[in-house]
Each structure stands twice: as structure tokens, then as C-alpha cells.
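Thanks for coming. I will take a few minutes to go through one structure, starting with a single pair of side chains and then moving out to the contact between chains.

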There are 2 protein chains.
Amino acid sequence: MTSVIVGAYQTKFGELWDVGLADLLTEAGWGAMKDAGVSADEIEMTLVGNKLSGKVVGQDHLGALVKETLGTGGPTLRVEAACASGGVAVHQAVAAVEAGQIDCALVIGVEKMTDVDVDTITWGLMGAASAAERGAGLSFVGLYALMAQAYMGEYGAGAKDLAQVAVKNHFHGSFNEKAQFRFPITVEDVLHSSIVANPLKLLDCSPITDGAAAVVVMSQKLAAKKGLLTSSIRVVGSGLANETLSLAARTSLTQIKSTQEAAKKAYAQAGFGPDMVDLAEVHDCFTIAEILAVEDLGFYKKGTGYVVQGNGEVRLGGKRPINLSGGLKACGHPVGATGVKQVVEIVTQLRDSAGKRQVTGARVGLTHNVGGTGGTAVVHLLAKN
Amino acid sequence: MTSVIVGAYQTKFGELWDVGLADLLTEAGWGAMKDAGVSADEIEMTLVGNKLSGKVVGQDHLGALVKETLGTGGPTLRVEAACASGGVAVHQAVAAVEAGQIDCALVIGVEKMTDVDVDTITWGLMGAASAAERGAGLSFVGLYALMAQAYMGEYGAGAKDLAQVAVKNHFHGSFNEKAQFRFPITVEDVLHSSIVANPLKLLDCSPITDGAAAVVVMSQKLAAKKGLLTSSIRVVGSGLANETLSLAARTSLTQIKSTQEAAKKAYAQAGFGPDMVDLAEVHDCFTIAEILAVEDLGFYKKGTGYVVQGNGEVRLGGKRPINLSGGLKACGHPVGATGVKQVVEIVTQLRDSAGKRQVTGARVGLTHNVGGTGGTAVVHLLAKN
């Protein structure tokens, strides 16, 4: 792989009622270009990851919006793959740089979710599931609850094990000034929160969030020419894979094959396996999702990923910390932005710039972004130069 | 350029109340693969162009839907650039093949528009314009009416000249069994139809349409290996360019710079100019748009593109026929499908398979797809082997 990340930026995540979609998109885009030290006309392609703006804000055509607000050079377009839109945008940018199409791309993930009522946002999010699932009255919590029930029945995990994921991620989020939730919670808090779809309770769920994130992807060649190579973070793997849209069309509810396949591709490109990964940002839209993820990514054997959630191993200071940003659970989940934010967090860590949540000596980080219940999955491997 | 089109398919366009989004997408995808003689597992990437399905059908995440219904190999994802979504999807597939990332891609453009009320669809379409334009109460007919007024004032074109575009495209559409409207109209019909936004009347406007189209893009190398090269259609140019989202941010209302830039790129790749083009499918969402297009594409000097509309030059049998499919006006405009359908039409013509609307001896065709009022433009040049 010959592409590197030279700029990264995340806006505050939260209920940002005083800013709009264009403000968030612009702040993130400028932020990443400024961080990289590149100007708008040096950008040769801009990819925007977004799921909901057409429905929620009434704004599509974000490529042309970028042209108007940021004035970046080259083509601009939007890609959409539900909650993996951001990760897919990064993947497409990396693919274009790797193939030699371009030398410098801007990727922006953005979502504005909190300005509409809960029915609009719930129905909007269900666009990531199948018509049959929507017709059956399932919400996304309901779909992941089915996966959680199957997992708990098959492997003996309990509600407390799931709760540990949320507790850990809130602990991490308390150190992240960009996070939506910056307060720690306890296992009891989770267990005593309202049931949304059994066994998932309110505090097993990621929130509804506004926010944006952006990165500048560059070829090593151009980065070297511009004196940016030494400080850049290398992209050593980028895998994108898909699965059926609906759970009913799959043979197992306790694994996500697209995650496994995307990870396999990324590890093959990197030339190493999961043991080399020092830290990861994984897709914890619900607590069960993080447990499935750490197994499907090869960190733990199937059926054992829940055991480590409470023992410190995946917590700051542990062997391989997971979701130091706070994850989707505590940092927030502006769906189109999440996959880009994960890359921003890993870049921040590999630059030793993560402050109180810094992992000492981190050299290799992984990001894992999922669309829907796994219809799309994207895995990136990033390494310190 | 080293990519070719080996398969092409268009569904019927129209008010298709008995089929849904997934039906259209699947029919088009299978149709193109069957036409090419390739199986789903030979596809290495699937790109779906769509603008409105999240808002109108409640269905996003079309990449995963494709995985479920068609089971194509490799990554699948959706790209969106308003009414240029289909053209951008073709461009991205060609770019991936040109760069050597993949050897075989399926591109599907799809839109389901007629199952909702007119306010929903009008508001959905306005997502392709800016917030300020929406806030000012403008519709897309209103925006193009501003461009028409500027053009008519600047160059002396009259309502009759605009009407000739619709008359010609309805004439062409009468020969196309896939077209939404298959009846000829007269200049008087157009002039006596209701004013929607002065000077544009009902018959100056393209309709609201359901439909899908798909193509299989392949590397010459793989096509040769599979014995498909001789019968394939070469992609000799593929340009994508962008402009500001809003009209107010531009210096001229009588030209679309993104069209000019996309055409310039495509001609440079092809190594020839507009004089070599035998026929074209251009973006006639409103009659004024076709007049601007034939000028911005270099077929006619600025301010003269309206003169030829009634004299037979751009009609079947003329020097360089435009919109033989019937264009957006008569074939219909399922927005995400249009850019792909244009490629299907040119492929059909270059294969000498266009029946009663066949252009004799056609060797080079051009497609031109616009998003919004020009925030995105895509130009493809296709040539007979």
C-alpha cells in the first residue's frame, strides 16, 4: 500500500442545534486540510460519506455543496452505504490513490440527525434494513436484539457482559472532549436503564448525534515531495465487503461475514494478522455489536469476545484497548461521519496526540465500520511511519 | 482508455405501479449481466446510482440490497450526485477499470418516483439544489426558468425554439418501446400547455418516472479473454466535473461550466473533438437544458444552439441526432437511472440494434448527464470497435 493520511479533523459530536449540515461539513473539511497543510486546489477528489441528509435535512447532492463551500479541486461526489458510508468513502479514496488515479483526496463524513422527531429518524435509519424487516415492525435495536439473544443463547453471555462494553466506552469517552457523552456509567446504570428491545437496554444503545469528521489521503510520493511523509500515518490495509441486506437471508446471527471478509482483505494487504493490532475503533452501535466485532476481526475466538469486556484487557491501559474515542456509544454516532471519525481517532493515537486517553507506544491501529446489520463492512489498518 | 461496455439493459420507463425499487434494480442488473453473458460471481464491483430511494421508498443501503438480490461478487456501494447519480456511477466504474483495480463492474441506475404525492417528490428533488434556493421557494422548473429567461434575453431565442426540443424528443420517443411517452406532439401543443414557471410550460418539462438501467463495464483484456471484445463498445472518454450547488454563486446563467469541463476531459481522453460525435444523449430535464448542453458540449457556438432545433439537423436522419431515446423529456427521467440509460441507448445505437430510431453508420456517441442545475456533470464518449 502506498497511501498515507496527512490530515485529520473531527468536529464536536452531540446535539448541535446551533449548526447545520453545511457548517459541519465545512468545518471538518477545512479542519482536515488545515491539519494537513494543503490548500483546497491541491485536492484532486472529494468524497462525502452521508446517509440521511436527503431525508432529514432535505439536502442531497453534497458533492456540489462541497464545491460551493470548500471549493476543492477535482470531482466531488457522495457515497452511501448506511452507517458505513464514512468508512466506504475512506476506502474509495484510498483505492483511487492506490490505483494512481489521484495523489490527494479529501474525505468528509457528515450527519445531522437531531433536528427532527424520533419517528423521522427511526424510519430514516430503517432505510439501512430490508423492506421485509421494516414491514415486520423491527427497529435497528430490534434487529441487534435478535443477534444478542442468539449470541447469549449460544455462548452463555449475560446482560452484565454486554453492559461492560458500554461502561468501558463511557469511561473512554470521559477523556474525549469531542465526545457526546463525557460521564462514566456503571454496570448497574446499564442494567437498570429502560429495556428498548430485550435484552438491549437504553444504555446498550449508541445515541442520535450530529457531527462530522474528515481526513486527507495522499500518495506517499506526493507526501514525500511536500515534506509530509515522516509525520504521516500509513494506510496498510483497506477492506470493503458486503453481506445480504436482511438478517433472514443469512445462515448465522452470531457472526457478520462481511466484517470477517473485510478484515481478511485488510490483513492480507498489511501482511500481518490481528495480533499486531495495538488498538482499534470498532462499530459498537449496540453493545452486542462490539462483542461480535472483536471476534469477527480475529482478536478473540468466536464465543469468547464477551469475557474480556470487564477484565481490563480492552480498556485504556490494557493489552489492546478498544474504542478509546468512546466508540459510537459515548463519542456518538452521526452515522455518515462514524467511519471517518474512527480513522481520525486512530491517526490521533498514532501521532501520540490523544492526551489522557493516549495508548503508550501504539504503532498499529484498526478501524471497523458497519452498515445496517452487516450488509456493508469496512476495515482499515493504519500504522505509524 | 482500456475499458469497454459488454452488457446493457433498460427496463420500461413510466408509471410502474406494479413493481418496486428492488424489482427494477434486479431486472436491470440481471438484464445487463445476461446481455453480457457474465455471471454474478464474475462481477468484481457493483455501483448503484440513485438519488431518492431513502426519502421516497424508505430504502437506503442499495449496495447490500444488490448483494441480497443479485449476489454479485466484490464490493457493492451506492453513489449519489442528484440527477447525475447514474452517470457518476458509470464514471466511477470506468475509473476503477482504467486504474486496474478491477476488470469487471456492474453499474445499475434506479429510481422509483411515482408512488408518492407531488409535494414529497418535488421536495425530494429540491435536495439537489441549495438551502437558499429551497428557502426562496424555487422548484427545479423555477431554477431552469431563470436560466431560460437569461438565455432568451441574451440570445433572442423564443418559446417556439424551446418547444422544438420537446417536439423532436417526443418524435424520437415514439420509436422507443421503453419510453414513457410514445406519442408525437406539436409546437402548438407545447405553447398551449400550462405555464409551470415562465417561460417553461408543462411540455417543456421532463416527467416523473420509475425505471432502471444497467451496464457491464469490462477491461479490454478480460473482454478479449472471454471473446467479447469484438462485439463490445469502447469507452474512449469519461469526464466528471462539478460546479457550485446554487445558481446564485455563478457568474453566468447561460452556460454550465461543469458540462464544459467534463466534456473537455472526455474529448482529451478520446483524442478528438465534438465534430467526431455522430449522435448524443444529452440532459434535457427541461427544453432549455438541451439547448445549453449542445453549446457547452461544443456542438454549436454559445447562443446558437437553439437555431437548429427545428431544422432537422439534430433529428433522426439529420447531421447529428440528439436524444434518440426520446431524452429525459419523452423516454422519462427516473433520476438515478438516467445517466446509465443514456449509455444503454448509445450502446444500442452503436450495436446497430436501435430499430426504427437507428442512426445509420453511427461510430461515436456521447452521453451527458447533469445533477441539479449543473453542480455535477458527467460526459462519456463511446465508440464502435
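Which residue forms a salt bridge with B:Lys341? The partner is B:Glu281, and the closest N and O atoms are 3.7 Å apart. A salt bridge here is a side-chain nitrogen of Lys or Arg within 4 Å of a carboxyl oxygen of Asp or Glu. B:Lys341 lies in helix H14 (residues 335-350) of chain B and B:Glu281 in strand E9 (residues 279-281) of chain B, so the pair ties together parts that are 60 residues apart in sequence. Helices (H or I, at least four residues) and strands (E, at least two) are DSSP runs, numbered from the N terminus. Both ends are covered: B:Lys341 has a relative accessible area of 0% and is buried, and B:Glu281 is buried at 1%. Buried means under 20% relative accessible area, exposed over 50%, and partly exposed in between, with a 1.4 Å probe and protein chains only.

Before I go on, the ground rules. This is a predicted model, in which local features need pLDDT of at least 70 and side-chain atom pairs count only at pLDDT 80 or more, while totals for chains, interfaces and linings use all residues. Residues are numbered from 1 along each chain as its sequence is written, chains are lettered from A and ligands numbered from 1 in the order in which they are written, and side-chain values use heavy atoms, with hydrogens and water left out.

Over all chains the structure holds 30 salt bridges. Two further examples. B:Lys319 pairs with B:Glu313 at 4.0 Å between the closest N and O atoms, and this lysine, B:Lys319, is exposed at 61% relative accessible area. In chain A, the side chains of A:Lys302 and A:Asp296 meet in a salt bridge, 3.0 Å from N to O. A:Lys302 is partly exposed at 29%, whereas A:Asp296 counts as buried at 7%.

A:Asp296 brings us to helix H12 of chain A, residues 287-296, where 10 of the 10 residues are buried. Among them are A:Ile288, A:Glu290, A:Leu292 and A:Asp296. What do the buried residues of H12(A) pack against? They pack against helices H7 (140-155), H8 (159-173) and H11 (257-270), and strands E6 (200-201) and E10 (364-371), of chain A. Contact means heavy atoms within 4.5 Å. After the helix comes A:Gly298, with a positive phi near 90°.

Now some backbone geometry. Most residues other than glycine have a negative phi, and most peptide bonds are trans. The bond from A:Asn198 to A:Pro199 is cis, omega near 10°, and A:Pro199 is in the loop between strand E5 (195-197) and E6 of chain A. In chain B, the bond from B:Asn198 to B:Pro199 is likewise cis, with omega near 10°. A:Asp352 is not a glycine, yet has a positive phi of about 60°. A:Asp352 sits in the loop between helix H14 (335-350) and E10 of chain A and is partly exposed at 45%. B:Asn323 also has a positive phi, near 60°, but counts as buried at 0% relative accessibility.

How are the two chains related? Chain B can be laid on chain A with an RMSD of 0.0 Å by a turn of 180° and a shift of 0.0 Å along the axis; the superposition is by least squares on the C-alpha atoms of residues with pLDDT of at least 70 in both. The copies are thus related as by a two-fold rotation axis.

Last, the interface. The contact takes 50 residues from chain B and 50 residues from chain A. Of the interface residues of chain B, 98% are also interface residues in chain A, so the copies meet through the same surface. Between them the chains bury about 3,500 Å², 48% of it on carbon and sulfur atoms; that is the accessible area (1.4 Å probe) that two parts lose on being put together, summed over both. Across the interface the rule finds 4 salt bridges. One salt bridge joins B:Lys51 and A:Asp60, with 2.5 Å between the closest N and O atoms. There is also a network of salt bridges linking A:Lys51, A:Glu80, B:Asp60 and B:Arg78.

That is what I have; questions are welcome.
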